[in-house]
2 protein chains.
Amino acid sequence: MNVPTKDESPDLWEAVPPGGNRRVLLSALEAFSGRGYKASTTREIARRAGMSPAAVYVHYRSKADLLYELSRIGHAAVLDDLRATLADGGASPERLHRFISTFVAWHARNHTLARVCQYELHQLPPERFVEIRKLREEVDRLLDAELERGSESGDFSITEVRSTKLALLSMGIDVARWWHPRSVPSQELADNYADLALRMVGATRP
Amino acid sequence: MNVPTKDESPDLWEAVPPGGNRRVLLSALEAFSGRGYKASTTREIARRAGMSPAAVYVHYRSKADLLYELSRIGHAAVLDDLRATLADGGASPERLHRFISTFVAWHARNHTLARVCQYELHQLPPERFVEIRKLREEVDRLLDAELERGSESGDFSITEVRSTKLALLSMGIDVARWWHPRSVPSQELADNYADLALRMVGATRP
């Protein structure tokens, strides 16, 4: 099974040089999402990519580098999507609705990559983990800022900020665990979850 | 690290004969949660349990049997806790509050076992998967019944039933991914999430 047909955003890979690099990376994604990072071998990744193990090392130094590269691409893509949707402006309820809808849709459409990003996070080497954590913290900060902004404007009435933020992120992240293309359409799910998010912060649909 | 000190419910294991059986099962839990099911070997599980690989097979026929047994214990325990809390009765908002609080607290307190139950589900042999799926469907049915009951009584005003159910379950399940004993106390988190759940169904705190 080829990964871009499983995930719905082949343009994620546009920044990766086509040919060998991209083939190795997508083979690593298939291997890590199917068997887990620890159980995947460079030999297996090479086989999936139709290369010799030595040829893999021409593109990536190690299995850990492949995990880092996948994690970086995934986390950076979510962050880009969130920043883009917030740049459209609007009142707090509208902004939060778009934020959650974007976050949920991303985790559905890119569920294979999202699973690797979320569930293999602690397999990253410590110095790589620190880099990825910065991207995650930036997502947190964006959501914190939205919740604060909506509270200050009186648009939101939040019961407890930390739990609300955690629950909102969890709703989105956990979509990657169960979503598949034959379950609920990603945009429909994203919009329904965004409606729920407004209820959670004590706002109404914009 | 010994598993019962990581998870907070050592009584989960009371039904497992102490001695060899329990030692093997807890070693499998440590291995599966640390390295993943696919990357864990019977040899490693035996070593963690202080046994020979042959001695492991006296207690469990295969690595797949160990995963099944852990999955069965975890899923049955959640279901027992949910049934017990619903048996206390009450009006719909109270019942849903207790349901979500119980579900969230379970996934925090038993986060190690919960992770194996959730993230290794598709590694179960097909006939075992079917058995575990029945337990999961029963959790679904309990929540469906609560949402229906609250809608009929007029206590809940649900925007979209399926997404609401999925989001409620995801909030709880995803706790197992990130929760650790030094993060927010499990009961506090459980109560805050239950408050959010009432907002999601359009009810107010009982």
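1. Helices here are DSSP runs of H or I with at least four residues, and strands are DSSP runs of E with at least two, both numbered from the N terminus. The model is predicted, so that local features are taken at pLDDT of at least 70 and side-chain atom pairs count only at pLDDT 80 or more, whereas totals for chains, interfaces and linings use all residues. Residues are numbered from 1 along each chain as its sequence is written, chains are lettered from A and ligands numbered from 1 in the order in which they are written, and side-chain values use heavy atoms, with hydrogens and water left out.

2. On the relation of the copies, chain A can be laid on chain B with an RMSD of 0.0 Å by a turn of 180° and a shift of 0.0 Å along the axis, the superposition being by least squares on the C-alpha atoms of residues with pLDDT of at least 70 in both copies. The two copies are therefore related as by a two-fold rotation axis. In chain A, the C-alpha nearest this axis belongs to A:Ala39, at 2.1 Å. The same surface serves both copies, for 100% of the contact residues of chain A recur in chain B, contact meaning heavy atoms within 4.5 Å.

3. As to the extent of the interface, 33 residues of chain A are in contact with 33 residues of chain B. The area buried between the chains is about 2800 Å², with carbon and sulfur atoms giving 57% of it; buried area is the accessible area (1.4 Å probe) that two parts lose on being put together, summed over both. A:Arg177, A:Leu196 and A:Arg199 supply 22% of the area that chain A buries against chain B, more than any other three residues.

4. On the side of chain A that touches chain B, the elements giving two or more residues are helices H2 (20–35), H7 (111–119), H9 (161–173), H10 (175–178) and H11 (186–200) of chain A. H9(A) gives the most, with eight residues. By class, this side has 14 nonpolar, eleven polar and eight charged residues, where Ala, Val, Leu, Ile, Met, Phe, Trp, Tyr, Cys and Pro count as nonpolar, Asp, Glu, Lys and Arg as charged, and the others, Gly among them, as polar.

5. B:Ser170 is buried, with a relative accessible area of 1% (buried means under 20%, exposed over 50% and partly exposed in between, with a 1.4 Å probe and protein chains only). A polar contact of 2.6 Å joins the side chains of B:Ser170 and A:Asp174. Leaving aside neighbours within four places in sequence, B:Ser170 is in contact with A:Ser170, A:Met171, A:Asp174, A:Arg177, A:Trp178 and A:Tyr193. A:Asp174 also meets A:Arg177 in a side-chain salt bridge (2.7 Å, N to O), and both of these residues are buried.

6. Over all chains, the whole structure has 28 salt bridges. B:Lys165 and B:Asp144 form one through their side chains at 3.4 Å, N to O; because B:Lys165 lies in helix H9 (residues 161–173) and B:Asp144 in helix H8 (residues 126–152) of chain B, the pair ties together parts that are 21 residues apart in sequence. B:Lys165 is buried, at 11% relative accessible area, whereas B:Asp144 is partly exposed, at 28%. Salt bridges that share partners also join A:Glu30, A:Arg35, A:Glu44 and A:Arg48 into one network.

7. In helix H3 (residues 42–49) of chain B, the residues B:Thr42, B:Glu44, B:Ile45, B:Ala46 and B:Ala49 are buried, and what covers the buried residues of H3(B) includes helices H2 (20–35), H4 (53–59) and H5 (63–87) of chain B. B:Ala49 has a relative accessible area of 5% and touches B:Arg23, B:Val24 and B:Ser27, not counting residues up to four places away in sequence. H3(B) is followed by B:Gly50, whose phi is positive, near 70°.

Methods: Salt bridge = Lys/Arg side-chain N within 4 Å of Asp/Glu carboxyl O. Polar contact = N/O pair within 3.5 Å; in protein donor to acceptor, adjacent residues only side chain to side chain.
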